[in-house]
Amino acid sequence: MIYTITLNPSIDYVVFTDQFKVGDLNRATSTFKFAGGKGINVSRVLKTLDEPSTALGFTGGFPGAFIKQTLETSGINTQFIQVEEDTRINIKLKGVTETEINAPGPKVSDQHLSALLSQLEQLTQEDFVIIAGSVPSSIQLDIYAVIAETLSKHNVPFVVDAEKSLLTQTLKHQPLFVKPNKAELEAMFDVQINNDQDTIDAARQLQHQGAQNVLVSLGGEGAILVTKDACYKAVVPEGKVINTVGSGDSTVAGMVAGFSKGKNIKDSLKQAVACGTATAFTEDLATREQIDAIINNITITKI
């Protein structure tokens, strides 16, 4: 079974407006509410790809109930741990530019955290875990390392998609792959990435620290996958970018689904980038039809 861990899930309240003025009355042209959080997004796209998963993490209050009901209604299994405070609600404002306001999240106690780790203790090498997203301020800063160590102890393969220290603290436990984007790589190593070789060099540093594979998402420029033996670049078709939220999560889902179904590395990468691109071209996460319409227009080259 594939498990996704979202320590700080959310309701993503997406607001589209033709024009936004600070300090003035603004009117939305349309609004959407989604069960959000990086791991949850991965579970949703895995479902689209007919790959079952179980969503883990912490939920509370009416926003948490909305998330749980939304996922279960769509056929995604959940084993969330209930906390006392409300799950956060994040605002995604889509005007001429994109503006996001992310809430901090609820308090998670040591007992709640122990309950999550107990769930992970039951997993085996036949399972697969994706750890993704931010951490509530009430949780210890090294929680990603604690989770990675627990999984490694049981030989459970895992993937990490998170910012800077959250990702790097897991590397000594040898994640199957990590998925930074270009900006995150630059922040990790305090460098400016100007070309493919710069990307590869930074990705190799993550491998030297323990990552087995590194998948770097490059937005409209596609993605680069660095494995032990080779490097591949995926180039994406042109299209109108509507909503970048969830694009990276969709890429992770496509890659994991490829591995789970036994696809080779190039086909897994093609599916991953098709999922991420399709999501960027729509208001929500990509549908199967949108992914299928794009996948044959993705080109993979060895570099």
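**Close-up views of a predicted model**

Phe 34 is buried, at 14% relative accessibility. Buried means under 20% relative accessible area, exposed means over 50%, and partly exposed lies in between, using a 1.4 Å probe and protein chains only. The model is predicted: local features need pLDDT of at least 70, and side-chain atom pairs count only at pLDDT 80 or more, whereas totals for chains, interfaces and linings use all residues. Residues are numbered from 1 along each chain as its sequence is written, and side-chain values use heavy atoms, with hydrogens and water left out.

**View A. Phe 16, Phe 32 and Phe 34 form a cluster through ring pairs.**
Rings of Phe, Tyr and Trp (its six-membered ring) pair if their centres lie within 6.5 Å; planes under 30 degrees apart are stacked, over 60 edge-to-face, and the rest tilted. This rule gives three aromatic pairs. For Phe 16 and Phe 32, the ring centres are 5.9 Å apart and the planes stand at 90°, so this pair is edge-to-face. Phe 16 sits in strand 2 (residues 10-16) and Phe 32 in strand 3 (residues 30-36), so the pair ties together parts 16 residues apart in sequence. Helices (H or I, at least four residues) and strands (E, at least two) are DSSP runs numbered from the N terminus. Phe 16 is buried, with a relative accessible area of 14%. Phe 32 is partly exposed at 31% relative accessibility. The rings of Phe 32 and Phe 34 also have centres 5.9 Å apart, but their planes are at 5°, so they are stacked.

Two strands pair if DSSP finds at least two bridges between them. Strand 2 pairs with strand 7 (residues 88-94) in the parallel sense, over seven bridges. Ser 10 stands opposite Arg 88 of strand 7.

**View C. Strand 9 (residues 128-132) is largely enclosed by the rest of the structure.**
Five of its five residues are buried. Phe 128, Ile 130 and Ala 132 point one way from strand 9, and Val 129 and Ile 131 point the other way. Strand 1 (residues 2-6) runs parallel to strand 9, joined by four bridges. Here Ile 2 has Phe 128 as its bridge partner. Strand 10 (residues 158-161) also pairs with strand 9 in the parallel sense, over four bridges. There Ala 132 is partnered with Asp 161. Strand 9, helix 4 (residues 143-153) and strand 10 form a right-handed β-α-β unit. A crossover is right-handed if, with the strands pointing away from the viewer, the path from the first strand over the helix to the second runs clockwise.

**View D. The largest nonpolar core has 44 residues.**
A nonpolar core is a set of buried Ala, Val, Leu, Ile, Met, Phe, Trp, Tyr and Cys residues joined through side-chain atoms within 4.5 Å. Among the residues with the most contacts inside it are Ile 5, Phe 58, Val 129, Ile 131 and Ile 147. Helix 4 supplies the largest share of this core, five residues. Leaving aside neighbours within four places in sequence, Ile 147 is in contact with Ile 5, Leu 7, Leu 116, Leu 117, Leu 120 and Ile 131. Contact means heavy atoms within 4.5 Å. Apart from this core lies another, of 35 residues, including Val 159, Ala 234, Val 256 and Leu 269.

**View E. Helix 1 (residues 38-48) is mostly covered.**
Eight of its eleven residues are buried. They are Gly 39, Ile 40, Asn 41, Val 42, Ser 43, Arg 44, Val 45 and Leu 46. Just after helix 1, Asp 50 takes a positive phi of about 60°.

**View F. Leu 225 lies in strand 13 (residues 223-226).**
Leu 225 is buried, at 1% relative accessibility. Not counting residues up to four places away in sequence, the residues it touches include Val 214, Leu 215, Tyr 232, Met 255 and Leu 269. The C-alpha atoms of Leu 225 and Ile 143 are separated by 26 Å.
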